[in-house]
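Thanks for coming. Please have a look at the sequence and the structure before I go through them.

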Amino acid sequence: MNGVAYTVEILDKLRWNAHLGKHKHFQAGNRGRKHHVTFGIPVVLINIALGSVLFAFLGEDGAFPQWAKWSGATLTLVAAGLGAIQTFFNFEKQYMEHRAVGNEYLGIARECERLLALFFDGLLPLQELSQNIERINIEYAKVNARSEGLTVSPKEFEAALAVQENKKSAETSLLQRYSQGVSSNLPLKPTPDGAA
């Protein structure tokens with residue numbers, strides 16, 4: 001990109017990657033929530049059904065009918081299996097962690113956008129922008145390390161990339177606007193110290 005400091009390009013790439021991280025973890029979080037609901041609701045319904053059957057037959061004299069014993073035993077095994085799957089994979093915790101990491105990436109992306117706006121408005125010198133990139137890179141590395149245990153499938157990554165690409169074609173970033181010289185209030189060439 002002509003006339004754009006490499007520092008600015010790096011910050012814009014960091015913004016792009018942070019938005020991509022947000023989208024992929026939100027996609028994965030949606031998967032975790034779907035699994036949590038898919039396995040959790042049947043467990044609740046089965047337990048309600050078993051409780052209802054139990055109370056229905058408690059008032060009657062004599063033993064439970066044979067069909068009730070076998071149905072109850074089968075439903076108990078199904079509920080235990082679904083509960084075990086839910087406990088083992090911990091879908092709710094995974095969902096919440098993906099959402100939290102996605103929001104952290106969103107915070108980084110917004111900070112990048114804020115710094116780019118300050119720079120292009122001539123309110124932030126290039127050297128100070130560079131120092132902020134170091135700070136943001138440290139934050140970005142911490143979020144990446146925190147997200148290492150969270151699985152994002154290739155399908156979720158592709159969906160996140162598609163969202164990001166659609167966003168790119170629908171909205172012009174500050175760097176694109178600056179590079180194209182399209183803006184009513186952006187200086188065309190900030191000086192090395194950031195002043196217009």
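By about how much of the helix are D12 and R15 in helix α1 separated? The two are separated by about one helical turn, because they are 3 residues apart in α1. Helices here are DSSP runs of H or I with at least four residues, numbered from the N terminus.

Before going on, a word on the source. This is a predicted model, where local features need pLDDT of at least 70 and side-chain atom pairs count only at pLDDT 80 or more, while totals for chains, interfaces and linings use all residues. Residues are numbered from 1 along each chain as its sequence is written, and side-chain values use heavy atoms, with hydrogens and water left out.

Back to the pair. D12 and R15 form a salt bridge, with the closest N and O atoms 2.8 Å apart. A salt bridge means a side-chain nitrogen of Lys or Arg within 4 Å of a carboxyl oxygen of Asp or Glu. Side chains of opposite charge can pair when their charged atoms come close. D12 counts as buried, at 12% relative accessibility, and R15 is also buried, at 12%. Buried means under 20% relative accessible area, exposed means over 50%, and partly exposed is in between, using a 1.4 Å probe and protein chains only.

The structure holds 7 salt bridges. Which residues are linked in a network of them? They are E111, R114, R135 and E139. R114 bridges to E111, the closest N and O atoms being 2.8 Å apart. Both lie in helix α3, 3 residues apart, about one turn of the helix. R114 is partly exposed at 41% relative accessibility, whereas E111 is buried at 16%. E111 also forms a salt bridge with R135, and here the closest N and O atoms are 2.7 Å apart. Because E111 lies in α3 and R135 in α4, this pair ties together parts that are 24 residues apart in sequence. R135 is partly exposed, with a relative accessible area of 33%.

Now the nonpolar residues. In soluble globular proteins, nonpolar side chains tend to be buried together. A nonpolar core is a set of buried Ala, Val, Leu, Ile, Met, Phe, Trp, Tyr and Cys residues joined through side-chain atoms within 4.5 Å. The largest one in this model has 23 residues, and V8, L11, I108, F120, L129 and I136 touch the most other members. Helices α1, α3, α4 (126-146) and α6 (174-180) each supply at least two residues of this core. Which helix gives the most to this core? That is α3, with 9 residues.

Another residue of α3 (residues 91-120) is H98. Is H98 buried or exposed? H98 counts as buried, at 1% relative accessibility. Leaving out residues up to four places away in sequence, H98 touches H25, A28, G29, R31, L150, T151 and V152. Contact means heavy atoms within 4.5 Å.

T7 lies in helix α1 and is partly exposed, at 22% relative accessibility. Beyond its neighbours within four places in sequence, T7 is in contact with L126, L129, S130 and I133. T7 and Q131 are 124 residues apart in sequence, and their C-alpha atoms are 9.9 Å apart in space.

Last, the surface. V37, I41, V44, L45 and I48 make a nonpolar surface patch of about 430 Å². Patches are made of residues with over 30% relative accessible area and no salt bridge, with like charges joined within 9 Å and nonpolar side chains (Val, Leu, Ile, Met, Phe, Trp, Tyr) within 5 Å. Accessible areas come from the Shrake-Rupley method with a 1.4 Å probe, and for residues only the protein chains shown count as cover. V37 is in helix α1 (residues 6-58) and counts as partly exposed, at 32% relative accessibility.
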